[in-house]
Amino acid sequence: MSHACTKCRRDNSVYFRAYSGEYLCKKCFVRSIEDKAARTMSRYSMVKYGERVAVGVSGGKDSLSLLYVMKKFFDDHGRSSDDLVAVTIDEGIRGYRDESLEIVRDFCSKLGVQNKVMGYKEIFGISMDEAMVVRPSEKMSSCSMCGTFRRRAIDLAAESAGADVVATAHNMDDQLQTFMINLLAGDVERIGWMHPEPVEYAGGMKKVKPFVEISEHEIVFYALQREIPFQSEECPYMNESIRTDLREFFNGLEKEHPGIKNNAYASMLKVSERMKMTLEPRGDKKCSVCGRDSTGDVCSVCKTVAALSLNRSG
Ligand code: SF4
Ligand code: ZN
């Protein structure tokens, strides 16, 4: 039996939000997602008027949805699309990345948003395909190596685009998984860095995650409703077993106990808020190789590059 939308009471619902008991029509559903992202952004002062925003866009459903939502946010606030740029990182994974680069390019031109692409090869001198061959051991996991590179590459691409803010599409599920990973690894201090309120450091880029209060499931449904194209092919080097296990764990719980993810997220927020107060301020230590902020003498990016090139030449 079809239900009328709980919000507008006019149209037939297309979505049942189990944790709130609401039936939503297409219009009310997409609006609820866009409003939620806008509320998150304003609550944590993620994007201020006049700031230029770089959105990290990979070609997956989350990042293309974020770009769409940001563009809408800019339009609704009378802001020019010139202050919005999509930054895309080409890891150099043959077959996999080529498809998504095209999807992103087409989507950006449809939205009228500039797309800046930078590759691992041009930045670090090595592509993911090459790194996988020369990595010193299996212990250097593909995704952790790739993640280290990607964070730096997005920073560099955003800087070169003159951005003040970098927005990424991490959602509530990603945050819960990261929270658990830190907890299980004994890295409780790191939970302090997970708080959605961006840390602004002098001269540094502000990092924001407008989707942190939205579940992955609802973003997928949003992308479908908005007919946002996305790459469905999986990366051949995907190696995130704990993350995948945790994703399934939380999804299983949510199915049996709707709302449990929201509760867990609220708890994470409280823990993160406390841990944030104990964080040591980032020093002004710089990496002796690249000159960027670093906790040690050499930053993790430069260490990885060095380990790879050692193996390549040796
Ligand atoms: Fe990189 Fe892992 Fe993502 Fe592949 S799945 S692009 S290796 S982080
Ligand atoms: Zn460095």
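Where in the predicted model is the place of glutamine 225? This is a predicted model, in which local features need pLDDT of at least 70 and side-chain atom pairs count only at pLDDT 80 or more, while totals for chains, interfaces and linings use all residues. Residues are numbered from 1 along each chain as its sequence is written, ligands are numbered from 1 in the order in which they are written, and side-chain values use heavy atoms, with hydrogens and water left out.

**View 1. Glutamine 225 in helix H8.** Glutamine 225 has its place in helix H8, which covers residues 216-225 (a helix is a DSSP run of H or I with at least four residues, numbered from the N terminus). The residue counts as buried because its relative accessibility is 15%, where buried means under 20% relative accessible area, exposed over 50%, and partly exposed in between, with a 1.4 Å probe and protein chains only. Leaving aside residues up to four places away in sequence, glutamine 225 touches Val14, Lys26, Phe29 and Val30 (contact means heavy atoms within 4.5 Å).

**View 2. The zinc ion (ligand 2) and its donors.** The protein donors of the zinc ion are Cys287 (SG), Cys290 (SG), Cys299 (SG) and Cys302 (SG), which lie 2.2 to 2.3 Å from it; donors are N, O and S atoms within 2.8 Å of the metal (3.2 Å for Na, K and Ca), and water is not among the atoms, so sites may look incomplete. In sequence, these donor residues follow the spacing C-x2-C-x8-C-x2-C.

View 3. Cysteine 290 is partly exposed because its relative accessible area is 33%, whereas cysteine 299 counts as buried, at 4% relative accessibility.

Methods: Helices (H or I, at least four residues) and strands (E, at least two) are DSSP runs, numbered from the N terminus.
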